[in-house]
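Colleague: I'm new to this one. Can you walk me through it?

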Amino acid sequence: MKQTAVPTSIHCDHLVEAYEGADLDVARSWQTSREIYEFLQAASQKYGIAFWKPGSGIIHQLVLENYAAPGTLMLGTDSHTPNAGGLGMLAIGVGGADAVDAMAAIPWELKAPRVLGVHLHGSMHAWGSPKDVILALAGKLSVRGGTGYIIEYFGEGVDSLSCTGMATICNMGAEVGATTSVFPYTSSMARYLKATRRADIATAATAQQAGYLSADSQVAADPAKFYDEVVDIDLSTLEPGYNGPFTPDLHTPRSKMADKVAAEGWSDHVSAALIGSCTNSSYQDLSRAASLARQASKHGLQVAKGTEFLVSPGSEQIRATMERDGIQEAFEAIGAKVLANACGPCIGQWNRDEHPAVRNRESNSIVSSFNRNFRARNDGNPNTMNFLTSPEMVLSAALSGRLSFNPLADELKDNKGRSFRLEPPTGDELPAAGYAEGREEYLPLLDHQPAKQIPISPESMRLQPLEAFAPWNGQEFQDTRVLVTVQGKCTTDHISAAGKWLKYKGHLENLARNTLIGA
Ligand code: SF4
């Protein structure tokens, strides 16, 4: 084939190590992973694929900004592909072979999932955030509870959510094992499409809203009759939550956190606070967190002593907009380090080796707006406890330096020792002045050259051409041996570890050597 049968894009977000800051980290990533990037770029050129360079952004944020469209179906080779459900589509995370089938026009099959309806009541309160919805749902369902289901959100609460907020909720449906998650088409999706220069898609979707992109009226009237299962969540009373450590379904509501920290013996000191990942790096996330940072600055406060504060923008467009709108300045004023537009610490690309807790493999607590927190995922230290929460709670933890700090009830001390309480965060769903385009070098490369040669060095430790399998003889396998059995929780992190092993994803033999080491 000269070109993929469906529009395809390639994103390089996993191999940028967070260490010295955005530009230096991207430059170093070109030194350490040049052969991978050149291979991906050449493959993109050969098959007419859009190529997004390292530093351009995290795949799911870029897909939401550029490719997601209501009422359509998308496959992506990453578990958090369902993020695009925030734009009213079915986006499903698959393995590479499934994606290749779709790219080669081979029909893609899936056992028909059941449908879990989540009825959202009320509307989001001042300290509330979309992240709280999925953290609470993960606490209810556990990491397996959504397996075999599509999660469909409905009810009047949907209308109080922004498009990027709905993407946050759909993104983390992966943590309950759901096939995907989806919202009905809403006016906030239309606003987001217009803001991201796709007014034509908004117009087309709005025309189909009642007929095809919303649940039928009978469903709202009697949900139990139409969904295989229904869960109710009241946004008006939903507390911010912390999920962790070591699993994304261990949920603690904010008001119970201080007791839980004491009872479990978790380290109350927060050694690092991280905002970013595909789950929470939208303009709304960053602008709400920045409103808290500005309050702290007014009181002469910076992040707590001994707490590192790191921010990863989701895309170049977000980064440029946050720089233009003073959000970056607000973060840096309290001591933040802004990292590259990439996954960074979320995928274990976090050079934290100089930190004593990592060097000595000590127990320590971090809070993040990420979606996963399995052992050793972030900094390689199996004793680092990552608590997943909203960007607003991450910011308040960065200021207080304590897991037990509850910004809804507790006070901070200003630089003169006077007590003050943080006002609830405020922020904009979308940038009032529109999104800035960012640096041209991060625009996607679209340069179809069917005759292009794809370089793979025979000595490469990181790339290996896949040899054709012998044709199937039509028989089932017989007398195969079970090489490994795994007990208990076994996630993709246990099957194929993140961090230093990521670099072998393009080399089947070397990749195979680390399979299941996490289990
Ligand atoms: Fe999202 Fe983290 Fe996966 Fe990157 S590594 S796609 S930020 S979950």
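Modeller: Let's start with helix 15, residues 391-400, which is mostly covered: ten of its ten residues are buried. Buried means under 20% relative accessible area, exposed over 50%, and partly exposed in between, with a 1.4 Å probe and protein chains only. Helices (H or I, at least four residues) and strands (E, at least two) are DSSP runs, numbered from the N terminus.

Colleague: What kind of model is it, and how are residues numbered?

Modeller: It is a predicted model: local features need pLDDT of at least 70, side-chain atom pairs count only at pLDDT 80 or more, and totals for chains, interfaces and linings use all residues. Residues are numbered from 1 along each chain as its sequence is written, and side-chain values use heavy atoms, with hydrogens and water left out.

Colleague: Back to helix 15. Which residues are buried there?

Modeller: P391, E392, M393, V394, L395, S396, A397, A398, L399 and S400. Just after helix 15, G401 takes a positive phi of about 75 degrees.

Colleague: And helix 5, how many of its residues are buried?

Modeller: Nine of nine, across residues 163-171. Among them are C163, M166 and N171.

Colleague: What covers the buried residues of helix 5?

Modeller: The cover includes helix 2 (59-66), helix 4 (130-141) and helix 11 (283-298). Strand 6 (149-154) and strand 7 (180-182) are also included, as is helix 6 (187-195). Contact here means heavy atoms within 4.5 Å.

Colleague: New topic. What surrounds the ligand?

Modeller: H14, I58, H60, D78, H80, S277, C278, C343, C346, I347, N371 and R377. A residue is near a molecule or strand if one of its heavy atoms lies within 4 Å of it.

Colleague: How does that shell divide by residue type?

Modeller: Five nonpolar, five polar and two charged. Ala, Val, Leu, Ile, Met, Phe, Trp, Tyr, Cys and Pro count as nonpolar, Asp, Glu, Lys and Arg as charged, and the others, Gly among them, as polar.

Colleague: What is the volume of the second largest pocket?

Modeller: About 810 Å³. The pocket is lined by 32 residues, and G348, A498, G499, K500 and W501 lie nearest its centre. On a 1 Å grid over the protein atoms alone, a pocket is an open set of points where a 1.4 Å probe fits, with protein on both sides within 12 Å along at least five of seven lines; lining residues have an atom within 4 Å of a point. Grid points are joined across faces, edges and corners, and a volume is the space filled by probe spheres set on the points.

Colleague: Which element gives the largest share of that lining?

Modeller: Helix 1, with five residues. The lining divides into ten nonpolar, eleven polar and eleven charged residues.

Colleague: How many aromatic pairs are there?

Modeller: Eight. Rings of Phe, Tyr and Trp (its six-membered ring) pair if their centres lie within 6.5 Å; planes under 30 degrees apart count as stacked, over 60 as edge-to-face and the rest as tilted. The rings of W52 and Y67 have centres 6.4 Å apart and planes at 90 degrees, so that pair is edge-to-face.

Colleague: Last one. What does L508 touch?

Modeller: Q464 and L466, not counting residues up to four places away in sequence. L508 sits in helix 17, residues 508-513.
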